[in-house]
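Biologist: I'm new to this one. Can you put it up and walk me through it?

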Amino acid sequence: MIAAPLTRLRTEGYVVMPQAIDPHTLRTVRERALPHMADVPIRADGYPDGYRLNDFEFSELIDNAEALVISIGLHPKELKHTIMVPKFPHETTRPWHNDSSEPRHVFILYYLQTVGLNQGVLGINGKPIPVTIGDVILMDARAQHRSYANETDDLRLLIRVWIEIGEEL
């Protein structure tokens, strides 16, 4: 058990696990996820909504997510869902929000490409978090977060695995 990541998750609302999954795996996942972009709904505020993926189609992410949760000393109880969250080219900054008030919900975020400060990077508690492909973010679903503007011509994709854990954070 690694104590430092769990402590950071509990105190800061997130922890970045550097190179926690093979970048080649994420590139392959991206190729399989891209055809689903045609099904992504657009919300009334103009932002793309998350698109629920078939959990079995992306089982390598679910297996990795469960292993990461266990590696920091938590106990996965139930997979809630797997969601693809796009950030369109030139999409503006989204508002601050949280996705749950439940202290037993964690996200495992897989960016399907490297994401720098101008590419729709995640912000948690006021701090932007750039990632390199292969880095994984574990996040308390109660944490205030948003995505910053994607100032590029490139689509930014992430897949969020939402897991209920057996204990409260």
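Biologist: Which residues is His145 in contact with, leaving aside its neighbours within four places in sequence?
Modeller: Pro95, Trp96, His97, Asn98, Asp99, Phe107, Leu122, Gly123, Ile124 and Met139. Contact means heavy atoms within 4.5 Å.

Biologist: What can I rely on here?
Modeller: This is a predicted model: local features need pLDDT of at least 70, side-chain atom pairs count only at pLDDT 80 or more, and totals for chains, interfaces and linings use all residues. Residues are numbered from 1 along each chain as its sequence is written, and side-chain values use heavy atoms, with hydrogens and water left out.

Biologist: Is His145 buried or exposed?
Modeller: His145 is buried, at 7% relative accessible area. Buried means under 20%, exposed over 50%, and partly exposed in between, with a 1.4 Å probe and protein chains only.

Biologist: Which side chain does His145 join in a polar contact?
Modeller: That of Asp99, at 3.0 Å. A polar contact is a pair of N or O atoms within 3.5 Å; within protein, one must be able to donate a hydrogen and the other to accept it, and residues adjacent in sequence count only if both atoms are side-chain atoms.

Biologist: Which strand holds His145?
Modeller: Strand E8. Helices (H or I, at least four residues) and strands (E, at least two) are DSSP runs, numbered from the N terminus.

Biologist: And what sheet is E8 in?
Modeller: An open one of three strands, ordered E6-E5-E8, with antiparallel pairing. Two strands pair if DSSP finds at least two bridges between them. E6 (127-129) and E8 (145-147) are at the edges with a single partner strand each, so one side of each has no neighbour in the sheet.

Biologist: How many bridges link E5 and E6?
Modeller: Three, in the antiparallel sense, with E5 covering residues 122-124. Leu122 stands opposite Ile129 in E6.

Biologist: New topic. What is the order of strands in the six-strand sheet?
Modeller: E1-E7-E4-E9-E3-E2, open, with antiparallel pairing. Strands E1 (14-17) and E2 (51-52) stand at the edges, each with a single partner, so one side of each is left without a neighbour in the sheet.

Biologist: Which residues of H2 are buried?
Modeller: Pro23, Leu26, Val29, Arg30 and Ala33. Down the axis of H2 they fall within an arc of 110°, so they line one face of the helix. That arc is of the directions from the helix axis to the C-beta atoms. The face turned away carries exposed His24 and Glu31.

Biologist: What about E9: how many of its residues are buried?
Modeller: Ten of the ten, so E9 is largely enclosed by the rest of the structure. Arg156, Leu158, Arg160, Trp162 and Glu164 point one way, while Leu157, Ile159, Val161, Ile163 and Ile165 point the other.

Biologist: How many bridges pair E9 with E3?
Modeller: Ten, antiparallel, with E9 spanning residues 156-165. Trp162 in E9 is the bridge partner of His81, and Arg156 in E9 is that of Lys87.

Biologist: And with E4?
Modeller: Seven bridges join E4 to E9, again antiparallel. Val106 stands opposite Ile163 in E9.
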